There are 2 protein chains.
Amino acid sequence: MNAVLDQQDLSQYMSQLGEQAKQAATILAAAEPAQKNAALLAIAEALLENTDQIKQANAKDLQQGRQDGLDEAMLDRLELNDARIDGMVEGLHQVAALPDPVGEISEMNIRPSGIQLGKMRVPLGVIGIIYESRPNVTIDAAALCLKSGNATILRGGKEAIHSNQAITRCIQQGLQAVGLPQAAVQVINTTDRAAVGLLLTMNEFVDVIIPRGGKGLIERVSKEATIPVIKHLDGICHVYIDDQADLGKAYDVAVNSKTHRYGVCNAMETLLIAEAVAEQVLPDLNKAYRDQGVELRGCERCLEIDADMLKATGEDWDTEYLAPILSIRIVDDMQQAIEHINRHGSHHTDSMVSENYSRARTFLRAVDSSSVMINASTRFADGFEYGLGAEIGISTDKIHARGPVGLKGLTSQKYIVFGDGQIRQ
Amino acid sequence: MNAVLDQQDLSQYMSQLGEQAKQAATILAAAEPAQKNAALLAIAEALLENTDQIKQANAKDLQQGRQDGLDEAMLDRLELNDARIDGMVEGLHQVAALPDPVGEISEMNIRPSGIQLGKMRVPLGVIGIIYESRPNVTIDAAALCLKSGNATILRGGKEAIHSNQAITRCIQQGLQAVGLPQAAVQVINTTDRAAVGLLLTMNEFVDVIIPRGGKGLIERVSKEATIPVIKHLDGICHVYIDDQADLGKAYDVAVNSKTHRYGVCNAMETLLIAEAVAEQVLPDLNKAYRDQGVELRGCERCLEIDADMLKATGEDWDTEYLAPILSIRIVDDMQQAIEHINRHGSHHTDSMVSENYSRARTFLRAVDSSSVMINASTRFADGFEYGLGAEIGISTDKIHARGPVGLKGLTSQKYIVFGDGQIRQ
């Protein structure tokens, strides 16, 4: 396919994708839930039927990746084995089972003029998704966009091009089986980087861009895009243990937030402890972390309690480790904790452990993050745990969607008015 | 003030405004409704106390404007007379009386894990507002942003600089009187155009940009801004008279949508009529329009019924007249009307007159506009009529806010979680 493209004008090719997507978006917006769900299940079936071809295409990408010297972590993300293909199939079934967000009518109130005013949930239109070399994202993203009635233009990492093309054939097969336009989900069939630049500025065709991947990718996309971007930059999450905390809960939440998984954006990276309880809680916690191999970097006050900790530098407070490393700071009180979180955090997810009612109210209001928690692990900030069913990402933006973005985050609401011939006086 | 600024580094000045706004935003986000409302009323009082100074400053702007050859329409928008100052005072009282959107908690449901999850409404942060030479916008925008807990950086048209500075002094006086930071509302005190370019790219300080004014201004802002923009481009609104319309309602809605006011974005610009009823309704409607001095431009089929109409060109279907001009097209049926609206409209407000239940359902779903109406005048698409109390504009975007943007449109929702020590399994 690349060979064909070389002879085409790239910008013409991209405009064509855009135009086709826009046409497909109109059909998808009007599609019944049953048809969209049938498409999702037909895609799942196609994946199972074509497992061998997918694995062969993936083997090509893996071979090329090894030749190009990709590291083991990248090769691991690139790999599609039976378990991962089963995971994609399972994901499609889960999305099919979710309630359809499109067409929902709410808040229909009668105004003094006699008109009845409310809102109807509608798809955004055409969504451009830019991601790295994780081919399973192709299915996740396509499924969520399809279910929410949006057409999608996907651009995966160049290392996964064969895998993505094989998966796309399954998607096309599924769409065709139920009579939906194949342009409902399109994959950019060229590894030319200029295609991304074009996608980010096709305002006439694309309604929103969602980048998924590392910070470098997301910053590039945000900088270049003239289309609105729903983005997730990083997750520097905190737990603050208040001096009025239930210390049992504090222990559980602080250990779970760090050690449940390390490489995820909702893992705690900095633990804040009120000075009044630091001597009581730090030794037990540090033991738990050390037992799990977590490297501990503490502020000066921490080192007075536990001299075996490394000394945290200023940089630590601004770092997303995504690794078994934890920075710990002892603070005077909740107010200092809130200041630390709002200054050093990434507005992702922050939790306080406290039994104090008034402080809970203050913390919830004052912490400027997409998820603010009392007495719960930061690891709950997740589409599945929040009951959104699946997520396309966790937004650290304030505009449009904040926090885990599920099907509703891929929709908008328009006003609808029912009248009986009312006119404006 | 400009003289002082000339010696300053503009970019340093703008960063300082940004930093101050960000600090003020934190205080505003935590401010109680009573304090914000007291500020609004104190600003209203300051306007009344300083009416003479405001009118003197305005006289300077008007004089300069006349020297610079501004046309009468621009001078009219620039003028601040007693009635307009009273209007600003009245607007402040109205906004003070609205319910406070900040802190609202909703959808608190318990998840299977035991955590209780919901949403809290919070301000966006710092809002940059760029507008033309209508000084009353200074108060409208400041009032809505203040009430919704946001700090504001205002940049009005250069022709209104003295008026805006006089109004800003009243705002500062009001903020000071209730102990809120003066940086809660700041006006850019230079007419240097480069200041706008800086404002549009201060991502670290400004959360959203709202341009208010003509299409040229809005397009420039959208193109240059790297910060999210809530914008309203134009209003090419339609009424479609279905062949199953109640013709009395059709007459009322079609006349009111066009002739209630001409220069507003929610006025009808194109009337679509189903062929089956065109001969019945067109003559009466055309008479009504002609009686009010509306110029009529019809499609070929229209001219067969009423040869006195001008012939519409292709361009007419894509034009926002903002004037007593109306284009009329006879269409085969609702399907063709929907296609016309989605293709030529500006996704603002479109209305169908019909008694057919199934068609009403189809029209509501298929028309891709921020307000879609059945049997009601397009003129209802307005913050006051929708009960939002006041509006900062009508968004034709799909992201974040769609349609009239009131206080809620200037807020966002974060997730909040109440737990009892829950951890992720």
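Author: Let's start with helix axes: an axis is a line fitted to C-alpha atoms, for helices over the stretch in contact, and angles run from 0 to 180 degrees between N-to-C directions. This is a predicted model, in which local features need pLDDT of at least 70, side-chain atom pairs count only at pLDDT 80 or more, and totals for chains, interfaces and linings use all residues. Residues are numbered from 1 along each chain as its sequence is written, and chains are lettered from A and ligands numbered from 1 in the order in which they are written.

Reader: How do the axes of helix α7 and helix α8 of chain B cross?

Author: Helices (H or I, at least four residues) and strands (E, at least two) are DSSP runs, numbered from the N terminus. Here α7 (residues 136–147) and α8 (residues 161–177) of chain B have axes that come within 9 Å and cross at roughly 30°. Angles under 35 degrees count as roughly parallel, over 145 as roughly antiparallel, 65 to 115 as roughly perpendicular and the rest as oblique. So α7(B) and α8(B) are roughly parallel to each other.

Reader: Which residues of α7(B) and α8(B) meet?

Author: Contact means that C-beta atoms, placed from the backbone, lie within 7 Å. Thr138(B), Ile139(B) and Ala142(B) of α7(B) meet Asn164(B), Ile167(B), Thr168(B) and Ile171(B) of α8(B).

Reader: Now strands, please! Is β11 of chain B mostly covered or mostly open?

Author: A residue is buried if 20 or more other C-beta atoms lie within 10 Å of its own, exposed if 12 or fewer, and partly exposed in between, with C-beta atoms placed from the backbone. Strand β11 (residues 325–331) of chain B is mostly covered, with six of its seven residues buried.

Reader: Which strands pair with β11(B)?

Author: Two strands pair if DSSP finds at least two bridges between them. Strand β8 (residues 268–274) of chain B pairs with β11(B) in the parallel sense over five bridges; Ile273(B) has Ile330(B) as its bridge partner. Strand β9 (residues 295–298) of chain B also runs parallel to β11(B), joined by four bridges, and there Leu296(B) is partnered by Leu326(B).

Reader: How many residues does each chain bring to the contact between chain B and chain A?

Author: Chain B brings 56 residues and chain A brings 56 residues. On the side of chain B that touches chain A, β16(B) gives the most, with 11 residues.

Reader: What joins β13 of chain A to β16(B)?

Author: Five bridges join strand β13 (residues 371–376) of chain A to β16(B), and the two run parallel. Ala376(A) stands opposite Gln422(B) there.

Conventions:
Contact = placed C-beta atoms within 7 Å.
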